[in-house]
Amino acid sequence: MIIDCHGHYTTAPKALEQFRKRQIDALKDPALSPARDSMRISDDELRDSLEGAQLRLQRERGTDRTIFSPRAGGMGHHIGNADTSALWSGICNELIHRICTLYPDNFTGVCQLPQSPGVRPDNCIAELERCVTQYGFVGCNLNPDPSGGYWTDPPLTDRWWYPLYERMVALDVPAMVHVSASCNPNFHFTGAHYINADTSAFMQFLTSDLFKDFPTLRFIIPHGGGAVPYHWGRYRGIAQDMGRPPLAELLLNNVFFDTCVYHRPGIELLLRVIPADNILFASEMVGAVRGIDPQTGHHYDDTKRYIDALDWVAAEDREKIFRGNALKVYPRMAQQG
């Protein structure tokens, strides 16, 4: 089995987008606020949204299961207030649950959290518990910057986040560190904000003792870790200059990286720098980059092809990357079989 740890519902029916527009319009005129049950999407519409996209690409590219969550760019935690986010997150998570029920062999759920700038992360615990205990979700996406590019909340290593981490540990679920859309014009959301966040989260972890407080807490840093693998020597040197432990001891029992890197040299760098035990296969297909690379004639996000081409990767490491590490980092998925 090949598990893709990073998939988002980017092909949702238009009714979801229309509901969100009404919800945002209601921020100016509460009389326009849509009822929760006003969004109606049939099972056939869900199937139609997937059959020609994610499911077709799973078959064509030889992957089996996708760890699936709401569209990251659509989380929009900076919009409205905590109530806005709670309603929106609940609706998006319910759609993921329906998809996982329709296609239990193809998709495993991960939830969006109802974060809001300046609101303590404690407010996310109820939705996390609901999704894990009622829906069978195996993890969550955690936004380190709910402000949408202005970074107004404390770093991920601050005690501000600890109540949420305590519940994650108790439920034995990891978080993928994933920002949403950027409302700061300095940062293009997929090309800069995402990569900035991945790199920033890693540096926050490096400079803290978070994992002494939470030895079993697990994070996935997506998009190949942002700038981290390319500057691994810089981070090793910074840790050494600060008197921190070596990175393997400090971070690598708790921090993992995915393969959402859209060219072969980048994948090769990732696999040469980061231990195989810390890499999870991912494509984010039908995501940030959808086109065909004119240099190869293949889709940029067909990341399995890049790994397959690296004949120096040992068979046991391929098994870890394609399957074993996902089951280790997401143990609830392993328990579900």
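Predicted model: local features only at pLDDT ≥ 70, side-chain atom pairs only at ≥ 80, totals over all residues.
Two residues are in contact when heavy atoms of one and the other lie within 4.5 Å.

- Three strands form an open sheet, in which the order is β1-β2-β3 and the pairing is parallel.
- The edges of this sheet are taken by β1 (3–9) and β3 (107–109), each of which has a single partner strand, so one side of each is left without a neighbour in the sheet.
- From one strand to the next, the twist averages 35 degrees.
- Strand β2 (residues 65–70) runs parallel to β1 and is joined to it by five bridges, and within this pairing D4 stands opposite T66 in β2.
- Helix α4 (residues 82–102) packs on the sheet and touches β1, β2 and β3, while the direction of the helix makes about 160 degrees with that of β2.
- Strands of a sheet pair through backbone hydrogen bonds, and they may do so either parallel or antiparallel.
- Although β1 stands at an edge of the sheet, seven of the seven residues of β1 are buried, so this strand is largely enclosed by the rest of the structure.

**Cavities**

- The count comes to four cavities of 30 Å³ or more, and about 50 Å³ of space lies in the largest cavity.
- The lining of the largest cavity is made up of C5, H6, G7, H8, I67, S69, V110, N141, M176 and Y330.
- Both β1 and β2 supply at least two residues each to this lining, and β1 gives the most, with four residues.

**Helix α3: Q54 and Q58**

- Q54 lies in helix α3 (residues 54–61), and Q58 is found in helix α3 as well.
- Q54 has a relative accessible area of 3%, and because buried means under 20%, Q54 counts as buried.
- Q58 is likewise buried, at 2% relative accessibility.
- The side chain of Q54 makes a polar contact with the side chain of T11, at 3.1 Å.
- When residues up to four places away in sequence are not counted, Q54 touches H8, Y9, T10, T11, S49, F68, F107, M285 and V286; H8 is also one of the residues that line the largest cavity.
- Leaving aside neighbours within four places in sequence, Q58 is in contact with T63, D64, R65, T66, N106, F107 and M285, and T66 is the residue of β2 that stands opposite D4.

**A227 in its loop**

- A227 is found in the loop between β7 (219–221) and α9 (232–241).

Key:
Residues numbered from 1 in each chain as written. Heavy atoms only, no water. Buried < 20%, exposed > 50% of the residue type's maximum accessible area, 1.4 Å probe, protein only. Polar contact = N/O pair within 3.5 Å; in protein donor to acceptor, adjacent residues only side chain to side chain. Pairing = 2+ DSSP bridges. Axes fitted to C-alpha atoms, helices over the stretch in contact; angles between N-to-C directions. 1 Å grid on protein atoms, 1.4 Å probe; cavity = no way out; pocket = protein on both sides within 12 Å on 5 of 7 lines; lining within 4 Å. Points joined across faces, edges and corners; volume = space filled by probe spheres on them.
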